[in-house]
Structures are given as C-alpha cells and as structure tokens.
Amino acid sequence: MKPEVVSFLLNNREVVIIAPPLVTLQTVLREQFELTATKAGCLQGGCGSCTVLVDGEPMVSCLLPVQDIDGRAVTTLEGLTTAATELHPLQESFFENFATQCGFCTPGMILVSKALLDHVPHPSRAEIAEAISGNVCRCTGYQSIIEAIAQAAERAEEVPA
Ligand code: FES
Ligand code: FES
C-alpha cells in the first residue's frame, strides 16, 4: 500500500496530508496537528476518549483510517471555539458542575454532548445517559456529567433566538 493524499476540513480549515497506509485519524490529529485534546485511551474503540465529530457526528478516531475522512469535515475539541481562551457553553457547564476531574474523558464527552444537543436540543436525562453510554469516565460517576449537559441545554433554551 502506498501513502495517499487526503484532504479534509479540520476545525473549519482546509488541510491536505500525505497519509501512510493504515494510519488512524487519532494519530494524525495528535502527532501531526498536535491537537492533543483527542485522547489516546484504549485504542480499541471501547472508551470514547478519542471521539471527534466527522460531519457533525461523533466517531472514535482510534479506529478510523484517515483515508476514510477524505473530503469530510472533522471537529475536535479545539475547534469548538475560535479562541484558545474562550470556553464553549458545554465546557463552562462541565466546569461548574464538577463534571471534569482528571479530564481524560472530557473532550470526548463534550463532543458527544454537542452532537446530541445539535440533534435533540432538549434531551431528557435518559437520552443524555444513552448518548454518553459509549464514553467511559473513571472519575465522576457520570451524574455530574449528565447534569452539566442538561444545564447547557437549559441555558441554550434561555438564549433569545
Ligand atoms: S482510544 Fe479510541 S475508543 Fe478508546
Ligand atoms: S474525568 Fe477522569 S475519566 Fe472522566
């Protein structure tokens, strides 16, 4: 297998890379673009810590050959805001609700939550729990994460259109 040219939108910026065979999106994001919010946990698709959005849908990047995202749009946690010092409302809510402890699961949790709220602006607690069920957190017991997502949804509701 030969290296391939792969072009895609990364956090709203067009990028082109030469991808070696079998390299994953996770490796490219962390090692080539230094977007280290995308974590390397189990590397087997089981923990969700490497979750990114591909065309707005959450996907585990550790199992995704980077060739498969040619022509698609990838969003990492770093792409949720325009300035490094700015927090996305979900990040604020996670912070306020103590939904982040070691923080290893947090980028994946927030990206999954963003996709949920994009599709279901007013999710129930059960829908939130279902949405994050593929993401493992070893610290929080999940309840604070569910509350943080619910609070972010409620706040979005309060913002006048
Ligand atoms: S590192 Fe990708 S799912 Fe665990
Ligand atoms: S905050 Fe530590 S794994 Fe979730």
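**Helix packing and local features**

In this predicted model, the crossing of helices α2 and α3 is right-handed. Helix α2 covers residues 89–96 and helix α3 covers residues 106–119, and their axes come within 10 Å of each other at a crossing angle of roughly 125°. The two helices are therefore oblique to each other. On the α2 side, the contact is formed by Leu 90, Gln 91 and Phe 94. These residues meet Thr 106, Met 109, Ile 110, Ser 113, Lys 114 and Leu 117 of α3. Sorted by class, the residues of this contact comprise 5 nonpolar, 3 polar and 1 charged.

Helix α3 also crosses helix α5, which is made up of residues 143–158. Here the axes come within 11 Å and the crossing angle is roughly 40°, which makes α3 oblique to α5. This crossing, too, is right-handed. From α3, the contact draws on Met 109, Ser 113, Leu 116 and Leu 117, while α5 provides Ile 145, Ile 149, Ala 152 and Ala 153. Of the residues in the contact of α3 with α5, 7 are nonpolar and 1 is polar, with no charged residue. An α-helix has 3.6 residues a turn, so residues three or four places apart point the same way.

Ser 93 counts as buried, because its relative accessibility is 0% and the cut-off for burial is under 20%. A polar atom of the Ser 93 side chain lies 2.6 Å from the backbone oxygen of Ala 148. Leaving out residues up to four places away in sequence, Ser 93 touches Ala 148, Gln 151 and Ala 152.

Attention now turns to α1 and its surroundings. The buried residues of this helix are Leu 25, Gln 26, Val 28 and Leu 29. They pack against four strands, namely β1, β2, β3 (51–54) and β5 (73–75). Thr 24 is located in the loop between β2 (13–19) and α1 (25–32). With a relative accessible area of 15%, Thr 24 is buried. Its side chain joins that of Thr 27 through a polar contact of 3.1 Å. Beyond its neighbours within four places in sequence, Thr 24 is in contact with Ser 61, Cys 62, Leu 64, Pro 65 and Val 66. After α1 comes Glu 34, which has a positive phi near 55°.

Asn 11, placed in the loop between β1 (4–10) and β2, has a phi near 50°, a positive value in a residue other than glycine. Asn 12 lies in the loop between β1 and β2 as well, and its phi is positive at about 70° although this residue is not a glycine. Asn 12 is exposed, with a relative accessible area of 73%.

Note on methods: Residues are numbered from 1 along each chain as its sequence is written. Chains are lettered from A and ligands numbered from 1 in the order in which they are written. This is a predicted model: local features need pLDDT of at least 70, side-chain atom pairs count only at pLDDT 80 or more; totals for chains, interfaces and linings use all residues. Side-chain values use heavy atoms; hydrogens and water are left out. Axes are lines fitted to C-alpha atoms, for helices over the stretch in contact, and angles run from 0 to 180 degrees between N-to-C directions. Angles under 35 degrees count as roughly parallel, over 145 as roughly antiparallel, 65 to 115 as roughly perpendicular and the rest as oblique. A crossing is left-handed if the near helix is turned anticlockwise from the far one by less than a right angle, and right-handed if clockwise. Contact means heavy atoms within 4.5 Å. Ala, Val, Leu, Ile, Met, Phe, Trp, Tyr, Cys and Pro count as nonpolar, Asp, Glu, Lys and Arg as charged, and the others, Gly among them, as polar. Buried means under 20% relative accessible area, exposed over 50%, partly exposed in between (1.4 Å probe, protein chains only). A polar contact is a pair of N or O atoms within 3.5 Å; within protein, one must be able to donate a hydrogen and the other to accept it, and residues adjacent in sequence count only if both atoms are side-chain atoms.
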